[in-house]
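Here is a short report on salt bridges. The sequence and the structure come first.

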Amino acid sequence: MKNIVLTGMPGAGKSTVGVVLAKMLGYNFIDSDLLIQKQEGDILQHLIEKHGIDGFLKIENQVNRDIHTESTVISTGGSVCYCDEAMRKLGETGIIVYLKVSYESLKKRLGSLSKRGVVIHKGSTLLDLYNERTPLYEKYAHVVIDVDGLTIQEAIDTVSSNVERLLN
């Protein structure tokens, strides 16, 4: 069976939705940020500081490109949208679902980005990041799901019903 690949901004609910969705569908679950941390032996923020943004994105591309699995819900890091090779590979082996959330909701959900291991250029704001990434998420998505105002269960149900139609 194909994978289900969740993309979106930090705080969109990829990991939360992904774990429960995997349980509902009888799928496995992978958080690609955790794969990066395991491979590199350090947390994301330290890796970004150590390798710089370009170096970190090379690692993120490699890790996501090299995921070989099926029947798995994959929660990607928010910056995977910059990794064309990985996104094309994930799209070949799975259904890419963009969990869309408004900028206003993100501001409420997110605390400091500095502790989350977010790829953001010095001097850029959350709004800059949102405006930069949104077209990339939409470019790669097979399905766009607006999760603004939805409970976790409503988001899971919406993703599940949309994905099941594409899987069958």
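Glu85 and Arg65 form a salt bridge, with their closest N and O atoms 3.4 Å apart. The term means a side-chain nitrogen of Lys or Arg within 4 Å of a carboxyl oxygen of Asp or Glu. This pair links distant parts of the chain: Glu85 sits in helix α4 (residues 84–93), Arg65 in helix α3 (residues 44–65), 20 residues apart. Helices are DSSP runs of H or I with at least four residues, strands are runs of E with at least two, and both are numbered from the N terminus. Arg65 and Glu85 also belong to a network of salt bridges with Asp66.

The model is predicted: local features need pLDDT of at least 70, side-chain atom pairs count only at pLDDT 80 or more, and totals for chains, interfaces and linings use all residues. Residues are numbered from 1 along each chain as its sequence is written, and side-chain values use heavy atoms, leaving out hydrogens and water.

Over the whole structure, the search finds four salt bridges. Asp84 and Arg88 form one of them, at 2.7 Å from N to O. They are four residues apart in helix α4, so about one helical turn separates them.

Lys100 and Glu138 also meet in a salt bridge, at 3.2 Å from N to O. Lys100 lies in strand β4 (residues 94–100) and Glu138 in helix α6 (residues 126–140), so the pair ties together parts 38 residues apart in sequence.

The table gives relative accessible areas. Buried means under 20%, exposed over 50%, and partly exposed in between (1.4 Å probe, protein chains only).

| Residue | Relative accessible area | Class |
|---|---|---|
| Glu85 | 35% | partly exposed |
| Arg65 | 26% | partly exposed |
| Asp84 | 31% | partly exposed |
| Arg88 | 46% | partly exposed |
| Lys100 | 25% | partly exposed |
| Glu138 | 36% | partly exposed |
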